[in-house]
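Work through the exercises below with the sequence and the structure side by side. Each task is followed by a solution in steps.

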Amino acid sequence: MAPGEKIKAKIKRNLPVTGPQAPTIKELMRWYCLNTNTHGCRRIVVSRGRLRRLLWIGFTLTAVALILWQCALLVFSFYTVSVSIKVHFQKLDFPAVTICNINPYKYSAVRHLLADLEQETREALKSLYGFPESRKRREAESWSSDLEGAHPRFSHRIPLLLFNQDEKGKARDFFTGRKRKVSGSIIHKASNVMHIESKQVVGFQLCSNDTSDCATYTFSSGINAIQEWYKLHYMNIMAQVPLEKKINMSYSAEELLVTCFFDGVSCDARNFTLFHHPMHGNCYTFNNRENETILSTSMGGSEYGLQVILYINEEEYNPFLVSSTGAKVIIHQQDEYPFVEDVGTEIETAMVTSIGMHLTESFKLSEPYSQCTEDGSDVPIRNIYNAAYSLQICLHSCFQTKMVEKCGCAQYSQPLPPEANYCNYQQHPNWMYCYYQLHRAFVQEELGCQSVCKEACSFKEWTLTTSLAQWPSVVSEKWLLPVLTWDQGRQINKKLNKTDLAKLLIFYKDLNQRSIMESPANSIEMLLSNFGGQLGLWMSCSVVCVIEIIEVFFIDFFSIIARRQWQKAKDWWARKQAPRCPEAPRSPQGQDNPTLDIDDDLPTFNSALHLPPALGTQVPGTPPPKYNTLRLERAFSNQLTDTQMLDEL
């Protein structure tokens, strides 16, 4: 190595090290505070006085805490949405309209299937209220008298019981009149809002196969108990009837639809599509997706919507299954399943029902902004409906799937899953008990369906405004009813009256479509801008300062710790490799003597002072001066005389 290079190396080795290569964390922090652009950190070092330094330390830490807090709020609120509402006027597609008669099947067509059940129902009413069912029907007395001596098989399977609050654990059977013990849990199916105090309640008992586990369901009103009891047996009977036969027993489109107009143009049954509902029979959908083109309307008002007159035929109503007269209508999208029993609107007879619509279209953002789904592909529930995904479809599909898994059969009022059969007594004797237990768990959200199913991200919703008016009027019914009777002469063989008819008007009130759209409230650019604003406000800092902080606190800081740990490891390894017995020190000879180590460079003054003395050598001392050589008698004799003279004076 050249002499100049060695001198530079020695000087560099002896000078204090600062900056990223500082040997200690304290030196690194001091260097950072003196050189950084963040003013608070610099003031900590250059301020005079302990109080000022403490204040600047407090100010700086407070500013850092506020920056972290504000930035955390910005990150957590990143996935928020802003909602915008747009209202625009345009030509609108007319929705699909599904119309069902409240009575699913003609009573004359299903009476032979329900004869035994209705006879036992009349006996229950007679036992409870002391009078038989009073409605007169043709040939009712003849077929009811034939069944009086029959064994009550329906009440034997699900007994109707009368409970007295004064007698705990006992109930009286409707048909036998005997008291029996009631075991198991008692579930009162009354409203939680309206509490009705009554000493006697009516209910029925459901048990499992081995009859060891039973549940009794009670009702505040005997009417509700009997209707629920009748509905359970009705579903069991109709579940065994083939679909084609049920379609023939229900109403045809020509029977249900008397007249039809849309947008001022006449229409008929060919514009409607058959849709069979298990609990509502034959329903008919106008403007369905199976049509070649979707109808639209270019004007608002009742004259440019759908106008139909419906034939209700009250005489063919089942007295125990339905207690109201009329029809149900539901407005939905073309690819949406019509849940008539959930959101259907009832239409009264002898009235004209006007339904004005406002269209609202909603668009929501999917994950991570919300938990909605685009098409249901990310929901682990199989769609058993032949329709587009919706939250209702998911919930009903989940319940039906659980029903098949736990009870071994499907519930009658919902579509049939693949490779499954509807529940009935013959194949599944305890399906009613299983159904009630499962439905109770579903309502209490114990099946997990509510947590799995998601709302659809985009959907259309029609806000309905309903108004009623008497129809036909007293003046017009004199000519209107005979004309309608003549028009329906091929389908019915009787004279129509106003209670057999209902008129329905469905139209857009105006063509203003409202769109509710969600959009991200933040973006990466806005987030970075907000970060920069917070850093500049509290610390007068920029992106370069952030990079410095990352370099010093996350790179240099840990590199110092790593160097220390590495040095400790090297020292430990050196001590481990050293011999256990110390060797005798050798006598310094030749080049072993440090004092004789001649360097190529001349030592500096400071380095020479740090050289250690040679071992075992004697440093030659300086001899005392010879004071006789300092005598100046002869050399300065003349001057001494003058000096002496001054002394004498």
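**Exercise 1.** Which side chain meets that of Glu455 in a salt bridge?

Solution. Step 1: the model is a predicted one, in which local features need pLDDT of at least 70 and side-chain atom pairs count only at pLDDT 80 or more, while totals for chains, interfaces and linings use all residues. Residues are numbered from 1 along each chain as its sequence is written, and side-chain values use heavy atoms, with hydrogens and water left out.

Step 1: apply the definition of a salt bridge, a side-chain nitrogen of Lys or Arg within 4 Å of a carboxyl oxygen of Asp or Glu. The partner of Glu455 is Lys364, at 3.5 Å from N to O.

Step 2: Helices (H or I, at least four residues) and strands (E, at least two) are DSSP runs, numbered from the N terminus.

Step 3: check the accessibility. Buried means under 20% relative accessible area, exposed over 50%, and partly exposed in between, with a 1.4 Å probe and protein chains only. Glu455 has 36% and is therefore partly exposed; Lys364, with 29%, is partly exposed too.

**Exercise 2.** How many salt bridges does the structure hold? Describe the one between Glu255 and Lys106.

Solution. Step 1: the count is seven.

Step 1: the side chains of Glu255 and Lys106 meet at 2.8 Å, N to O. This pair links distant parts of the chain, 149 residues apart: Glu255 belongs to helix α11 (residues 253-256), and Lys106 to the loop between β3 (96-101) and α5 (107-110).

Step 2: Glu255 counts as buried because its relative accessibility is 13%. Lys106 is also buried, at 19%.

Step 3: turn to Arg270, which forms a salt bridge with Asp268, with 2.7 Å between the closest N and O atoms. Arg270 is exposed because its relative accessible area is 74%, whereas Asp268 is partly exposed at 29%.

Step 4: look for linked salt bridges. Glu367, Asp378 and Lys454 form a network of them.

**Exercise 3.** Where is the peptide bond from Trp471 to Pro472, and is the bond cis or trans?

Solution. Step 1: the bond from Trp471 to Pro472 is cis, with omega near -15°. Pro472 is in the loop between β19 (458-470) and α16 (477-487).

Step 1: a cis peptide bond also joins Glu367 and Pro368, with omega about 5°. Pro368 sits in the loop between β18 (351-363) and α13 (391-407).

**Exercise 4.** Is phi of Asn287 positive or negative?

Solution. Step 1: phi of Asn287 is positive, near 60°, in a residue other than glycine. Asn287 is in the loop between β13 (281-286) and β14 (296-297). With 0% relative accessibility, Asn287 counts as buried.

Step 1: Ala350, not a glycine, has a positive phi of about 60°. Ala350 lies in the loop between β17 (345-347) and β18, and counts as buried at 14%.

**Exercise 5.** Which residues does Ser354 touch, not counting residues up to four places away in sequence?

Solution. Step 1: Ser354 is in strand β18 and counts as buried at 15% relative accessibility.

Step 1: contact means heavy atoms within 4.5 Å. The residues touched by Ser354 are Thr465, Thr466, Ser467, Leu505 and Phe507.

Step 2: Ser354 and Phe507 are 153 residues apart along the chain, and their C-alpha atoms are separated by 8.1 Å.

Step 3: treat Asn236 likewise. Asn236 is in helix α9 (residues 222-238) and is buried at 2%. Leaving aside neighbours within four places in sequence, Asn236 contacts Cys423, Asn424, Tyr425, Trp431 and Met432.
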